[in-house]
Amino acid sequence: MALDQSFVGRTYPPTDPYEVGREKIREFAEAVGDANPAYTDPEAAKALGHSDVIAPPTFVFAISFKAAGQVVADPQLGLDYSRVVHGDQKFAYSRPVQAGDRLTVTSTIESIKSLAGNDVLEIRGEVHDEAGEHVVTAWTKLVARAAEEA
């Protein structure tokens, strides 16, 4: 059954703040194999004009995807998560994420499409710092595969 188009534009409450730590950044950079010293060395980051180490561009996926969980778990939407695959991810930054940031994410359903029986859901996550300044917008595309015929 196709997802209800009336959910397009629905915004969910902001998440609790997520405090970005140096160790989390280091672990993430190591996991993705990015040896950029700005991710692990405060002095290297400062030499580039940052106040502390910065995070790799895809770091914010962890918190934006968790925030999108509010959408996924909305019983009124009726998304069958057992049939969902991650379709796409993109980011638009105002500034890099850095150690010490306290970030919140507000998720909005940006679009719902039906393609070949599959539901395609695009969720926009607006990430702001503790001062309310925009840091990054993250778009997550989820594809709910059509149920198999009996």
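## Helix α3

In this predicted model, the twelve residues of helix α3 should span 16 Å at 1.5 Å a residue, and the end C-alpha atoms are 16 Å apart, which agrees. Helix α3 covers residues 61–72 and lies across β1, β2, β3, β4 and β5, running at about 55° to β3.

Ile 63, Ser 64, Ala 67, Ala 68, Val 71 and Val 72 are the buried residues of α3. These buried residues pack against β1, β2, β3, β4 and β5.

## The sheet

The sheet is open and has five strands, in the order β1-β3-β4-β5-β2, with antiparallel pairing. At its edges are β1 (18–19) and β2 (84–93), each of which pairs on one side only.

Strand β2 is joined to β5 (residues 134–144) over nine bridges in the antiparallel sense. His 86 stands opposite Leu 142 of β5. Lys 90 lies over the face of Trp 139, at 5.3 Å from the ring centre.

## Aromatic pairs

The model has three aromatic pairs. One of them is edge-to-face: Phe 28 and Phe 59, at 5.5 Å centre to centre with 85° between the planes. This pair links distant parts of the chain, since Phe 28 is in helix α1 (residues 22–31) and Phe 59 is in the loop between α2 (42–47) and α3, 31 residues apart. Phe 59 is buried because its relative accessible area is 6%, whereas Phe 28, at 21% relative accessibility, counts as partly exposed.

Phe 61 and Phe 65 form a stacked pair, 5.1 Å centre to centre with 25° between the planes. They are four residues apart in helix α3, so about one helical turn separates them. Phe 61 counts as partly exposed at 27% relative accessibility, and Phe 65 counts as partly exposed at 26%.

Note on methods: Residues numbered from 1 in each chain as written. Predicted model: local features only at pLDDT ≥ 70, side-chain atom pairs only at ≥ 80, totals over all residues. Heavy atoms only, no water. Pairing = 2+ DSSP bridges. Helix = DSSP H or I, 4+ residues; strand = E, 2+ residues; numbered from the N terminus. Contact = heavy atoms within 4.5 Å. Axes fitted to C-alpha atoms, helices over the stretch in contact; angles between N-to-C directions. Expected span 1.5 Å × (residues − 1). Buried < 20%, exposed > 50% of the residue type's maximum accessible area, 1.4 Å probe, protein only. Phe/Tyr/Trp six-rings, centres within 6.5 Å; stacked < 30°, edge-to-face > 60°. Lys NZ or Arg CZ within 6 Å of the ring centre and 35° of its normal.
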